[in-house]
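User: I'd like a close look at one part of this model, with the cut-offs spelled out as you go. Here it is.

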Amino acid sequence: MSDEELMEHIAEFRSDVCQFANAEGGYLIYGIKDKKGQASEIVGIDIPGDNTDKFELERKNNLVPIMPKIPSVKFKFIPLANGRYVVVIAVMRDSYAPY
């Protein structure tokens with residue numbers, strides 16, 4: 001992945017988190033394939049070295065520039081038989097909105 005693509009992914013992640021935090025909260029789910037906007041297959045994502053702590057920390061660090069503060073997020077990692085993970089990120093709404 002190029003630096004430009006990485007920055008686009010980070011910007012989209014921040015935007016998604018802010019949108020949920022500004023509304024009533026919600027869930028971002030990684031590792032689900034879709035067709036025409038509907039879930040079609042559970043494929044999972046690779047997490048290098050199965051280091052879920054590092055994955056979570058990197059995502060939380062991506063949220064640091066959001067002001068007034070980082071929205072509250074909680075991570076759940078669901079291991080799959082194929083060695084990959086489905087990652088569920090719960091974004092909470094709080095009194096600091098809008099972001």
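User: How much space lies in the largest pocket? Walk me through its lining, and then through the core and the strands.

Analyst: Quick ground rules: this is a predicted model, so local features need pLDDT of at least 70 and side-chain atom pairs count only at pLDDT 80 or more, while totals for chains, interfaces and linings use all residues. Residues are numbered from 1 along each chain as its sequence is written, and side-chain values use heavy atoms, with hydrogens and water left out.

The largest pocket holds about 350 Å³ of space. A pocket here is an open set of points on a 1 Å grid over the protein atoms alone, where a 1.4 Å probe fits, with protein on both sides within 12 Å along at least five of seven lines; lining residues have an atom within 4 Å of a point. Grid points are joined across faces, edges and corners, and the volume is the space filled by probe spheres set on them.

Among the lining residues are Met 1, His 9, Phe 13, Tyr 30, Ile 45, Phe 55 and Arg 59. Helix H1 (3–22) gives the most, six residues, and helix H2 (52–62) supplies at least two. Helices are DSSP runs of H or I with at least four residues, strands are E runs of at least two, and both are numbered from the N terminus. By class, the lining has seven nonpolar, two polar and three charged residues; Ala, Val, Leu, Ile, Met, Phe, Trp, Tyr, Cys and Pro count as nonpolar, Asp, Glu, Lys and Arg as charged, and the others, Gly among them, as polar.

Val 87 and Ile 89 have the most contacts inside the largest nonpolar core, which has 18 residues. H1, E4 and E5 each supply at least two residues of this core. Such a core is a set of buried Ala, Val, Leu, Ile, Met, Phe, Trp, Tyr and Cys residues joined through side-chain atoms within 4.5 Å.

Over in H1, Val 17 counts as buried because its relative accessibility is 0%, the cut-off being under 20% with a 1.4 Å probe, protein chains only. Val 17 touches Leu 28, Leu 63, Pro 71, Val 73 and Val 91.

Finally, strands E4 (residues 73–79) and E5 (residues 85–91) pair in the antiparallel sense over seven bridges, where pairing takes at least two DSSP bridges. Ile 78 has Val 86 as its bridge partner.

Conventions. Buried means under 20% relative accessible area, exposed over 50%, partly exposed in between (1.4 Å probe, protein chains only). Contact means heavy atoms within 4.5 Å. Lists of a residue's contacts leave out its neighbours within four places in sequence.
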